[in-house]
Amino acid sequence: MAIPYPQLFATVKPPMEAGLPSQSSPLSLSPVILTQDDLKKIAAYKAVEFVESGMVLGLGTGSTAKHAVDRIGELLRQGKLKNIIGIPTSKKTHEQAVSLGIPLSDLDTHPTVDLAIDGADEVDPGLNLVKGRGGSLLREKMVESACKRFIVIVDESKCVHFIGESGLAMPVEVVPFCWKFSAQRLQNLFEYAGCVAKLRTEKESSSRPFVTDNGNFIVDLYFKEDIGDLKIASDKILRLAGVVEHGMFLDMASTVIVAGELGITIKHKGDHHQE
């Protein structure tokens, strides 16, 4: 059951204040319409409530994670959080954290991360994820696989019945060498699911390949059907020479915070119930 949001109703001004003829009707309440970005921010702020002073934090990448990083920076400035060390999952997040005054380090110095907060592109009922539509899947997976707790923050549009259901990309990072060969092999792996493999470009109208922070390309896989057992699919992908990493994050999320129009739902790994 979703936890309802407090104060999500805006008071409508009395008719006289609004410049309308006076009526004897009492004040009415109108619900606030939440945008998708509002929902992302609500989920992000909820996740930051789990952050404690002295933690080493994995700082995610993307439009939802950005709100969490902003909030951590704000709490540090206010003195409500202290002695935080952040490990960014992309160059973009690194720049954001530096601008906010968040102290940074890396996995070489801090191989164990207390908590990571990041968004996701898809979340299935088993809390398996698709990530990497922003292009940072490799560094995200490295940091988030090293953390004691991984909190995923999403709006309700990201919840799916099975991985790939949205029809949007499941990214695979590949080396640039013979990327067409790699893309064709990936497409052939999932021919039974109607897979189409496409090289990601900088812009839809551009032919210039998108280059990751690691100097690699991304091949986006689009599925028409359920690909079946995700661990088997993962192993098949990673066995292909030329593949660096894929965007399926399996059995990694500890907690998923979902912000929807009716409130926040918190799902925990292994739980048969949700808050």
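Sheet first: I find four strands in an open sheet, ordered β10-β11-β9-β12, with antiparallel pairing. (Strands are DSSP runs of E, at least two residues, and helices are runs of H or I, at least four, all numbered from the N terminus; two strands pair if DSSP finds at least two bridges between them.) β10 (196-199) and β12 (243-246) are the edges; each has a single partner strand, so one side of each lacks a neighbour in the sheet. On average, neighbouring strands here are turned by 30° against each other, ignoring direction.

Note on provenance: this is a predicted model, where local features need pLDDT of at least 70, side-chain atom pairs count only at pLDDT 80 or more, and totals for chains, interfaces and linings use all residues. Numbering starts from 1 along each chain as its sequence is written, and side-chain values use heavy atoms, leaving out hydrogens and water.

I then checked β9 (residues 170-174): three bridges join it to the antiparallel β12. Val172 sits opposite His246 of β12.

Next, α3 (residues 91-100). Which residues of α3 are buried? I get Thr93, Gln96, Ala97 and Leu100 (buried is under 20% relative accessible area, exposed over 50%, partly exposed in between, with a 1.4 Å probe and protein chains only). They span an arc of only 95° around the axis, which puts them on the same side of α3 (the arc uses directions from the helix axis to the C-beta atoms). Glu95, Val98 and Ser99 are exposed, on the face turned away from that buried side. After α3 comes Gly101, with a positive phi near 80°.

Methods:
Axes fitted to C-alpha atoms, helices over the stretch in contact; angles between N-to-C directions.
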